[in-house]
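Q: I have a two-chain model open and want to go through it. Can we start with a sheet and then do the interface?

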Amino acid sequence: MMKKATRRAFMKGTGGAGTLFAMGGMAPHFLVGTAEAVSKGKAAEEKGKGDHVLVVVQLSGGNDGLNTVVPVGDDVYHKNRFITRIRKESAIKIDDYHGFHPSLDGFGKLLDDGRLAVLQGVGYPNPNRSHFVSMDIWHSARPGASRRTTGWLGRYVDGTSGRRGKRNDVAGIHLGDSRQPLALAGTKVQTPSIQSLEGFKLHTSGDGKLKKAMETGAKVNRAGGSDLLTFMQRSTASAMGSSERIQEALKDYEPAVKYPNSRLGDQLKTVAQLIEAGMTTRIYYLTHGGFDTHANQAQTHAALLKQLGDAVSAFCFDMKKRGHDKRVALMSFSEFGRRVKENASRGTDHGAAAPLFMAGGAVKKGLIGKHPSMTDLDQGDLKFHTDFRKVYATVLDEWLGYDSRKVLGGGFGKVKVFA
Amino acid sequence: MATQKSKVSAKEAWGVREEGKDWKFDRRMAAHLYRRAGFGATSEALDAAVKMGMEKAVKGILNPGAGEGGVNLGAFEKETAELGAMAMNTGNVHNLGAWWLHRMLGTPDQLQEKLVLFWHGHFATSAAKVTNIRMMKQHDELLRKYAKGSFRKFVQAMSKDPAMLFWLDSTTNRKIRPNENYAREVMELFCLGEGNYTEKDIKEVARAFTGWEVRRKKFVFNKRQHDEGEKRILGKVGNFNGDDAVRIILDQKAGPRFIAKKLCRYFVAEEPELGDGVVEGLAKVIRKHDYEMGPVMERLLMSRVFYSGMSVGRRVKSPVEMAVGLLRSLRGSGSTTELDRALARLGQGLYYPPNVKGWDGGRTWINSSTLRGRANLVGKLLGEKGARFGMRRNRGLSRVAAGAGVDGAEGLVRWVYDLLLAVEPPGDVTKGLVKLAKGIKDGDERVRKVVHAVGTLPEFQLA
């Protein structure tokens, strides 16, 4: 027989009723806003070249691009989307032909303020309609490969390792508790996944003496030790230093704008705080899921887009007010769009080409590229005219300042997306 | 710190380390052995090991049931089997991770768990894709069955493992269109390494595996889909099936070398890695024992190179090694569910390896976020209410230390070093820790804070 105490301890954990080690999932107390004062934006420490930040918001499940940037001026659209369509009068007008989904007033505001680019018809040749495969293709940027083990951002992070300066802040961060996206997988550098700002705080039980001993332990030079020990000492010193820096910066942090009360809103606020704290991290990766709307699409899709538009616009305006928006760009994509014709369950099925969004103070405002033809289709799906790797190449070369050929294995041309 | 001969030649690397003027099996060396062959040992276990000597200590690690005064392995297995069934009933693979951590913390057979972890990283199959808890448990049982056994039989069984085949999209393999995924991985990642086969070999091995399928989560051989034609695999010609293919692959000279290199990295040194000549020496041992892992591990754990400066402190602790090692050394215990989650955040989710290549280890574990996470986890493990240290009536960290005869602030720091560090920190750091200890009156808090501080040192991350 198993000992009772053992069984109890184990059950206690697996049952989830109470756990002995409450190590995660706690609300980051110091985040709960207090002061009214707007911080003076003291953190934009590292201005100039090489300080650009890319925030990726992945829309998982296949976002219905046609109901996001809607061709409201096209009869073919209305005929194919008898039930799920967005009417012209309810859409947020972009021009006579295009309108945003009515939930995307956040995007409307960004467009009005000149901080949103909408790249139309983005995709890749021989589109795959499996979530898993298509997402892997977007992540790896290797459509033809039989095996995909690294991601485009992972390869970028690998390539810049050793060039991260003294701080050794991580080059990329994945915010979330789900499986880490393949996009961030490299062969050299492990990108961390973090759930909240709690992960940036070094706990010392509020004991100054303990903290002192830890700091001494990290700071003292390990001359004569192995290279591995030297590396470890530097990384430890940097980890403690950045914790300190972030705590300092957050002490009086108050978002310059109000963030919506949603998971994506919380996460983008966290990103804003890290940027404000002077982190030298270049890539933040977030996911916003639930876009696989095969049935009764209308309500779900509206709610998801509302969360997206509100959170992204709050983030962009927060960055603007803090003076970071010339160096922060946010990109949002999905693994595919959806069929032109709706299905019999008031929903839509897996499709191909779709719009991609780029937001921030440095983007070229407005629609980029034509809306894909509504009649010249590929197996009932919109045809792409802009290869997503062209967008990646532009981001790598022009935004992150890194030779895109090293990541993509070839040249793909550029899209004019940065002003 | 014990003196270690810093360099060992390839020729003498795998000979048995003998005590003498230049080397003694002291507490530090015993701690090194237990850190690598397992997850660390208590102060008392270190003393016992020193007393019995290195060879006996290694034999005890290899045959834990045979040792005197040890925990009863049979009873432990019975208890954890019950817990495993409970975890299975939840259907949640994360609870299987918690179950495994529970095993690591309590087992009298540490090497078994350490090897299972090694093979889990080698045949890296993730529940992120497999999702089904029964398939994952079956996979786990396979890892356990062959961990110390024949690698030949291991690979043959793995080639029929539903979780593995599902993971590598190889649940169907038809005669007219052979599926090359498993054929590629079995050579590239499991047995030979890149460059030791051709694309043509992959195609031929795939043909040998035709008809090997998974149906209703079980392996079946579909005779009608098996290609009965002649195949040419790595120079051998015949009507081979999958078992033949594995045999031919493992007959390659590159096979033992590939496994030797991985064992060296995992058990001896990550950085700098051992040279090719030294690795080849272990490959010879593997050849001699025809892939029987027990004798290979014995040779490794008794070897000169293992107890040299080429090995001690030359690895980075994985998150699991770091946390389980801390708890085991101090007789700590507690619920493992949250620990499993915390370890996933530090990059090592059990049953969730990052990709088919497994965990890269070494420096890739380390960045400013994971270091903070490690430091905080140490604090949590030590300080959370419900965390328990010591045995029965002797609960509490100060009793664990007192039981080991620890005396005074300096004695305490020394004692913690012995248990947790492979490399001695600089004098200034030690002074700081002694000062910290002196400022706190004798008791649990004093031990806790010293261990916490030591647990954030750069040296603590090394093994």
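**Sheet and interface**

A: Chain A has an open sheet of three strands in the order β2-β4-β3, with antiparallel pairing. Strands are DSSP runs of E, at least two residues, numbered from the N terminus, and two strands pair if DSSP finds at least two bridges between them. This is a predicted model: local features need pLDDT of at least 70, side-chain atom pairs count only at pLDDT 80 or more, and totals for chains, interfaces and linings use all residues. Residues are numbered from 1 along each chain as its sequence is written, and side-chain values use heavy atoms, with hydrogens and water left out.

Q: Which strands stand at the edges?

A: β2 (69–70) and β3 (92–93) of chain A; each has a single partner strand, so one side of each is left without a neighbour in the sheet.

Q: What stands opposite A:I92?

A: A:F100 in β4(A). β3(A) and β4(A) (residues 99–100) pair over two bridges.

Q: Now the interface. How many residues are in contact?

A: 61 of chain A with 66 of chain B, contact meaning heavy atoms within 4.5 Å.

Q: And the buried area between chain A and chain B?

A: About 5,600 Å², 64% of it on carbon and sulfur atoms. That is the accessible area (1.4 Å probe) lost on putting the two parts together, summed over both.

Q: How many salt bridges between chain A and chain B?

A: Two, each a side-chain nitrogen of Lys or Arg within 4 Å of a carboxyl oxygen of Asp or Glu. B:K449 forms one with A:D207, the closest N and O atoms being 2.7 Å apart.

How values were computed
Chains are lettered from A and ligands numbered from 1 in the order in which they are written. Helices (H or I, at least four residues) and strands (E, at least two) are DSSP runs, numbered from the N terminus.
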